[in-house]
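Reader: I am new to this structure. Please take one part of it and go through it closely, step by step.

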Amino acid sequence: MTTNPALVDSPTIEMDDVTKWFGQKVAVSNVTCSFGSGVTGLLGPNGAGKTTMLRMLTGLIRPSQGKIRVLGVWPRTSPKVYANVGLVPEEAAVYPSMTARSYIRYAATLAGVDDLDGATARAIETVALGDAADRKLAGYSKGMRQRAKVAAALVADPQILILDEPLNGTDPVQRLHLINLFRRLGDEGRTVVVSSHVLDEVERMSDRVIAIVDGRLAAAGDVAAIRRAMTDIPYRVRVDTDKPRVLAARLLEESLVHGVAVDDGTLHVETGDLAALGRRVPVVAREIDARITGFRPEDASLESVFRYLVGGR
Amino acid sequence: MAITTTTMRQVLGLRRAVIFGLAALAPALVFLLTSQALADEAALDRFLGMVVGLYLPLLVPIVSLILSASALGDERRDGTLSFLVLRPIPRSVIAGSKVLGAAIVVSALNALGGGALGLVYGLETGSWGATVPLMLGGIIAGIVYTALFVPLGFFTDRAVLAGLAFVLVFENGVVSALSGLSALSPWRLGLSTFSSLAPDAVTTALGDFGAADLSGFGSTIGRTIIVAALSIGLTTLVLRKRDLA
């Protein structure tokens, strides 16, 4: 069992010390990580190298250095592996003159699916595109095109699904539908890799996060574990109490408290040990007869974690 | 097969079919329109003037290069290349299907142009023997252009400009001046085919249009097959080795 959070047991996709440069620009730098069953969110600001990484995973572009294995092989030289890989690229990637049905059927044909009509109909139903399936893609909104692309990627029932910003252009209803779909596919044991720069989306979709900043692997694991690993950054906790100033003064005497601030009657405490603070605050509050009505970490969300990861950007 | 048929629809949508269909008929229309004005000139000379002045050196190359350059070039520009190549299909099959799809469309249009020109010449003279050879000449030249421009369309967005420079400057300029280079001119391979298969009177008259020293039909077919095979090989190599996004 691996202890490196960037690696998983039983990986379907492996990246080993992968670097990609375009001329003088390094897009991805010495990334080692792996992906397995479940949904992994590939997180990073725009330009961080997410798309380059996904393109390398699918074999669309070659790494300048390092090795990539998808189901044990490098796809460029073993195209049969694509029978088990579905990609939803960020760019258009649709034929405007085709209807969604013919586009998805074309994908099924190229993938060697036996029951073309059945598989096409199921894929259309999966993304809830039924009413519009016989309209030309040229007339589709961006969100509808995204769903058509997802259907085309799913039509061959792939074991691995790679999605580059798949929720771009979708409305809230479509977004919820797709998020639930990706979660369900992950729960079925498929490898689902979803890139996004929208933290909320990643948090809702992913069991695990790989964060990329400036082409480098900045963090990996589940969000709480990543936050726990940031030992050099104290937790910030909001404490709701009827005696914020008295409690703040008392807590400053505690060695586990790095700092306090009272803002609009709310107490904010910084600590390196969140669990110990959680045990200590009620004890101290009882000593000074203060009433605690709330105790909430303010920076354990993915957004806070990500803000720390990207630093001053 | 699916890639071939999709490529055919892709390179020849409805609008292009109308535009290029009309363009293909241009030599026949010009021949018709000039038949009154140049009534004193022999019909065969006017016909061959159209063949070596408009149909083979201009119409066939331009139709062929514009359509074939889009076969892979449009996939790359429109971002659909990833849809195509991330499939459990050997890259050689993808390359072969793209070249074949473009070649079928180009051949059909060039055959239409050659057939129409041969038809109006036949209607005027009652001589039909040049029609099929002319269609085959257009098809052969079109296949060679397709083989050249399908991979070029992948390499550069300016494939059509590069193709026009090749046709107008190299083929119709340099090669015309240096006849030793004629083997490097695709439309002259079409002319060889036409010359080899046309009736003797036509072949003899072609000599007056500087079309002497042409290779035989068998040699032309051999060269065409070699160029097409090299094109598919090069396209396969490109799809295997180059970054595709």
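Author: Among contacts in chain A between residues at least 6 apart in sequence, 67% join residues at least 24 apart; two residues are in contact if their C-beta atoms, placed from the backbone, lie within 7 Å. This is a predicted model, in which local features need pLDDT of at least 70 and side-chain atom pairs count only at pLDDT 80 or more, while totals for chains, interfaces and linings use all residues. Residues are numbered from 1 along each chain as its sequence is written, and chains are lettered from A and ligands numbered from 1 in the order in which they are written.

Chain A has 313 residues, and 45% of them count as buried. A residue is buried if 20 or more other C-beta atoms lie within 10 Å of its own, exposed if 12 or fewer, and partly exposed in between, with C-beta atoms placed from the backbone. Taken along the principal axes, the C-alpha atoms of chain A fill a box of roughly 75 × 45 × 35 Å. The chain holds 10 helices and 13 strands. Helices (H or I, at least four residues) and strands (E, at least two) are DSSP runs, numbered from the N terminus.

The part for a close look is a sheet. Four strands of chain A form an open sheet in the order 11-12-10-13, with antiparallel pairing; two strands pair if DSSP finds at least two bridges between them. Strands of a sheet pair through backbone hydrogen bonds, either parallel or antiparallel. At the edges stand strand 11 (257-263) and strand 13 (292-297) of chain A; each has a single partner strand, so one side of each is left without a neighbour in the sheet. On average, neighbouring strands of this sheet are turned by 20° against each other, direction ignored. Axes are lines fitted to C-alpha atoms, for helices over the stretch in contact, and angles run from 0 to 180 degrees between N-to-C directions.

The pairing of strand 11 of chain A with strand 12 (residues 266-271) of chain A is antiparallel and covers 6 bridges. One of the bridge pairs joins Gly259(A) to Glu270(A) in strand 12 of chain A.

Two helices pack on this sheet. Helix 8 (residues 244-251) of chain A touches strand 10 (235-241), strand 11 and strand 12 of chain A, and its direction makes about 165° with that of strand 11 of chain A. Helix 9 (residues 274-287) of chain A touches strand 10, strand 12 and strand 13 of chain A, and its direction makes about 165° with that of strand 13 of chain A.

Chain A has another open sheet to set beside it, with 3 strands in the order 2-1-4 and antiparallel pairing. Strand 2 (25-35) and strand 4 (65-70) of chain A are its edges, each with a single partner strand, so one side of each has no neighbour in the sheet. The twist averages 20° from one strand to the next. Strand 1 (residues 13-22) of chain A runs antiparallel to strand 4 of chain A and is joined to it by 5 bridges; Met15(A) has Ile68(A) of strand 4 of chain A as its bridge partner.

Strand 8 (residues 208-213) and strand 9 (residues 216-221) of chain A run antiparallel, joined by 5 bridges. Between these two strands lie 2 residues, and Asp214(A) in the turn has a positive phi of about 55°. Val213(A) stands opposite Arg216(A) in strand 9 of chain A.
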